[in-house]
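Hi,

Here's the structure I promised to pass on. Have a look at it first, and my notes on charges and salt bridges follow below.

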Amino acid sequence: MVARPLDSLDTLAEAVAVIFDQAQLSLANHRKNCVALYKLHHQAAAVTQKAKNGRDIKYVGERKFGDAFLGLVNRVLVVKKGPAAADRVIRFIGSYVKFVNEKAAAEKATISNSISTRLDDNEDTFASRFVRRLLNYLLEGFLAKNKITRYRCICVVSEMISHLGEIDEDAYNLLKDGLIDRICDKETPIRAYAATALSKLAGSEDPDEVAPGEKTILDVLSDVISYDPAPEVRRASMISLPLLSSTTDTILTRTRDTDALTRKLVYSNVLQTKLQHPRQLTIAQREQVIKDGLGDREPSVRVAAGKLAASWFDIVTAEVNEAEDYTWDGDDGGIMKGFLRFLTLFDVVGSREAIAVDAVLSIFVTRPNIPDVFVFPEVYWKELTPEAAVLARVFLEHCLSTKNETRIDAAQLPVGNLDNPDTTQSSSTKDKSTQRAKLRDDMSPEERMQADITDMRCLSLCIGMLERVDGSFEDNSTLEGILADLIIPSVKRKEISIREKGLISLGLCCLIAKVLNMALSSFQLFLGQVQTAPEELKLRVLQVIFDLLIVYDQEFFSRSDDIAKKITGFLVQNLEVDDSPAIQAVLCVGLSKLLLSGIVKDAKVLSSLVLTYVSPTTRTNEELRQCLSYFFPVYCYSSSDNQARMQSIFVSTFDLFMQARENLDDDQDMITPFQFGLLLVDWTNPQKRAEM
């Protein structure tokens, strides 16, 4: 509306009310109403009086305008959440604060230019006095007993906080402290708006000026994201929090949030909009994002994660095109080169290769025409890298799963047949491998390093192949050459990384072998590695051992009770003496599987797991505790035999528990005997058994 000239201060309140009335009807008229209100404000500010001392000035007009403005603000502060008119008025208040500060800044700049002197930025103006009065008034509402008033006050402050202009340090501290207090408000909407408003102050905070022991704004918001029970508050904090190196880990924890919408917004709102390049994240963080997103149970989260992966692919493909990087004939638009660059964002060598594979497949799914441009010329195989090998395999598996063999032919992809190996080629490879082994001592350090890299790549490909072989070891004679020329020499190597992959490959060969001799002859080797290997290798070997025990359970446990007792005794002993949380967790998971499947029925194993579960040394081992807290109820309630076995160890295990409790160190804590007894009573309760 057009502002009428102000006849007197008596008509000011009515004129301001008319503008507010217009503002509540539509957002479209807010700009012209800000202009009209500013004219009234400017005219009122011109009305002043001299104080009694004759020196100071009373801002009579400003006081009258402020009273009229706050009177109308009061009407909004008692309106419950919901009415659109109230929300429009709050938006208008924020718009006017922005408008009046912009006008004040422009006038300062004009005056400074005209007199060729820079004015003090802290000089008081009618705009700054108005904003200060409004802010102080709203901060008082933060402490109101009425939750509606607190909610509306925080809404107005959140709307205007980005446009406050220059405020003094005292006002800033009052605002910051008031918002931090409202972060702990019992009302969820108030906490959400407080988080949003507080995030707008984060950029102006200097961490060096924060008092020792006091949390910064980023620390407060990080705590809200992690610990607030309301998902809408966690979402508001997460969306508002800037994506910095200090906040990234906190934000990425929300990929496992209990609320599906929050998990989706991590991908669609935070990472998609705030992350300029995927390399701003570490490789572990990128893998976590893709693994959690594409593996989420909610389709909407998977779609958002797929779009994020596709955007990362677009970014790295654009880099290839900008650099005019070399591409081979048939690589239309550098798509394949882009995929190779995309795969470098992940670790494609090792157990985490599956994450990179899922990322590529998600792009194939969201953009089904992309595989049509794939061509694998001879130069592709001459410059083979781990990323190139993974890309070729993923492309082949995708084509086979979609039954599109025409696409394989068009891509000129050579596909080998394991069932019909070329004997001449196998012999040639064997001769070259033997020759290289003989000459290794004569290699330079650079040549040895290159040979080790080649062996690592071959072993990684070998593991991937053995995990996907459809058939037995004996049905694929090529595997015999791989076992003799690659796997066995790698097992004998001193380098831990090569020996680890060699042992994994050997274990996979044992699992697919029809003849038991390979597994039996290799089993003692694996047991020996457990006793001497470092932790990382020991983890892998234990996983192989448990796989062999489950696959060949009859051979290991049914033929000889003496052998069965030695195997279980060896595993239990390692569980009791090993201090590594990861090793303990693997042993508990493996032993739980053996007990639950009925392969192992030794009561000593069950007793050892019970004592491990309540031991103070495993208190912080979340993986172990989670496994056993699930195992014991399932084991006991699924079978009367299992429950009877638990009953048989009741007294002896309780005695061992009491002995362990008597030997506790001063800094250790353990559940009480009463609590331990309740656990055993609960597990042996026949009324909870599934088979009645």
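Helices here are DSSP runs of H or I with at least four residues, numbered from the N terminus. With that numbering, Glu209 sits in the loop between α8 (188-199) and α9 (217-227). Bear in mind that this is a predicted model.

Glu209 is exposed, at 66% relative accessible area, and belongs to a negative surface patch together with Asp168, Glu169, Asp170, Asp206 and Asp208. There's a positive patch too, made of Arg31, Lys39, Lys98 and Lys103. The elements giving two or more residues to that positive patch are α2 (30-45) and α4 (84-115). Lys103, in helix α4, is partly exposed at 35%.

On to the salt bridges: the whole structure has 30. One of them pairs Glu214 with Lys176 at 3.8 Å, N to O. Glu214 is in the loop between α8 and α9 and Lys176 is in helix α7 (residues 169-182), so the bridge ties together parts 38 residues apart in sequence. Glu214 is partly exposed at 40%, while Lys176 is buried at 7%.

Another joins Asp228 and Arg191 at 2.9 Å. That one links the loop between α9 and α10 (231-240) to helix α8, 37 residues apart, and both residues are buried.

Finally, have a look at helix α23 (residues 496-512). 14 of its 17 residues are buried, so the rest of the structure largely encloses it. Glu500 forms a salt bridge with Arg540, with 3.1 Å between the closest N and O atoms; Glu500 lies in α23 and Arg540 in α25 (residues 535-551), so parts 40 residues apart are tied together.

Cheers

Conventions:
Residues are numbered from 1 along each chain as its sequence is written. This is a predicted model: local features need pLDDT of at least 70, side-chain atom pairs count only at pLDDT 80 or more; totals for chains, interfaces and linings use all residues. Side-chain values use heavy atoms; hydrogens and water are left out. Patches are made of residues with over 30% relative accessible area and no salt bridge: like charges are joined within 9 Å, nonpolar side chains (Val, Leu, Ile, Met, Phe, Trp, Tyr) within 5 Å. Accessible areas come from the Shrake-Rupley method with a 1.4 Å probe; for residues, only the protein chains shown count as cover. A salt bridge is a side-chain nitrogen of Lys or Arg within 4 Å of a carboxyl oxygen of Asp or Glu. Lys and Arg count as positive and Asp and Glu as negative; His and the chain ends are not counted. The place of a charge is taken as NZ of Lys, CZ of Arg, CG of Asp or CD of Glu. Buried means under 20% relative accessible area, exposed over 50%, partly exposed in between (1.4 Å probe, protein chains only). The expected span of a helix is 1.5 Å times one less than its number of residues.
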